[in-house]
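Have a look at the picture, then follow the points below.

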Amino acid sequence: PCDFFTATDAEPIVGTALIDITPGSDFDEVTGGPLDYCTYKGDDVALVISFVRSNTAKDSQTWQDQLSNMAQATDSEAIVTETSDLGERSFWSVTENSAGWFVAKYPYVFALVIGGNIGYSEDYREDLTTLAQKVLDALP
């Protein structure tokens, strides 16, 4: 996921020069598959992009359920709004300390989330939408 955009793309969003760019992998509890991510860390804000590839059938109920479950899984207190802004389905998710997109383009689901001392979450929506579209354009 670190290949989708550069430090130059991330720095205006985190608001400072980047301290670190860290790739990683984990297990995704919603899909049961591998989760790959990249963290772009600034002083007190970080931008994270994560990817999951689903093994379910495109039009299955399981696929549809996975999308909304991923958006809510980050924080049970999150305010999640489904939109038609990006991809096949997209969710804008806001918590006290984070904001971001969960976007589906079968068989991929990716999240693009800013977190930390972010202030007003809606201030990030336009920039994160632009980056999310850049990721969508790069997917096969």
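The buried residues of helix 1 pack against strand 2, strand 3, strand 7 and helix 3. Helices (H or I, at least four residues) and strands (E, at least two) are DSSP runs, numbered from the N terminus. Buried means under 20% relative accessible area, exposed means over 50%, and partly exposed lies in between (1.4 Å probe, protein chains only).

This is a predicted model, in which local features need pLDDT of at least 70 and side-chain atom pairs count only at pLDDT 80 or more, while totals for chains, interfaces and linings use all residues. Residues are numbered from 1 along each chain as its sequence is written, and side-chain values use heavy atoms, with hydrogens and water left out.

**Helix 1**

- Which residues of helix 1 are buried? They are Ala10, Ile13 and Val14.
- These residues cover an arc of only 90° around the axis, so they sit on the same side of helix 1; the arc is that of the directions from the helix axis to the C-beta atoms.
- Thr8 and Pro12 are exposed, on the face of helix 1 turned away from its buried side.
- After helix 1 comes Gly15, with a positive phi near 90°.

**The nonpolar core**

- The largest nonpolar core has 29 residues, and Leu47, Ile114 and Leu128 have the most contacts inside it. Such a core is a set of buried Ala, Val, Leu, Ile, Met, Phe, Trp, Tyr and Cys residues joined through side-chain atoms within 4.5 Å.
- At least two residues of this core come from each of helix 1, strand 2, strand 3 (45-53), strand 5 (89-94), strand 6 (98-105), strand 7 and helix 3.
- Helix 3 gives the largest share of this core, five residues.
- Leaving aside residues up to four places away in sequence, Leu47 touches a list of residues including Phe5, Ala10, Val14, Cys38 and Tyr40; contact means heavy atoms within 4.5 Å.
- In soluble globular proteins, nonpolar side chains tend to be buried together.

**The disulfide**

- How many disulfides does the structure hold? There is one, and a disulfide is counted when a pair of cysteine sulfur atoms lies within 2.5 Å.
- Cys2 and Cys38 form the disulfide, with their sulfur atoms 1.9 Å apart.
- Cys2 lies in the segment before helix 1 and Cys38 in strand 2, so the pair ties together parts that are 36 residues apart in sequence.
- The link of Cys2 and Cys38 is right-handed, with 100° about the S-S bond.
- Cys2 is partly exposed, at 24% relative accessibility, whereas Cys38 is buried, with a relative accessible area of 0%.

**Aromatic rings**

- The structure holds five aromatic pairs. Rings of Phe, Tyr and Trp (its six-membered ring) pair if their centres lie within 6.5 Å; planes under 30 degrees apart count as stacked, over 60 as edge-to-face and the rest as tilted.
- One of these pairs is Phe5 and Tyr40, which is stacked, at 5.0 Å centre to centre and with 25° between the planes.
- Phe5 lies in the segment before helix 1 (7-14) and Tyr40 in strand 2 (residues 34-41), so this pair ties together parts that are 35 residues apart in sequence.
- Phe5 and Tyr40 are both buried.
- Phe4, Phe51, Tyr108 and Phe110 form one aromatic cluster.
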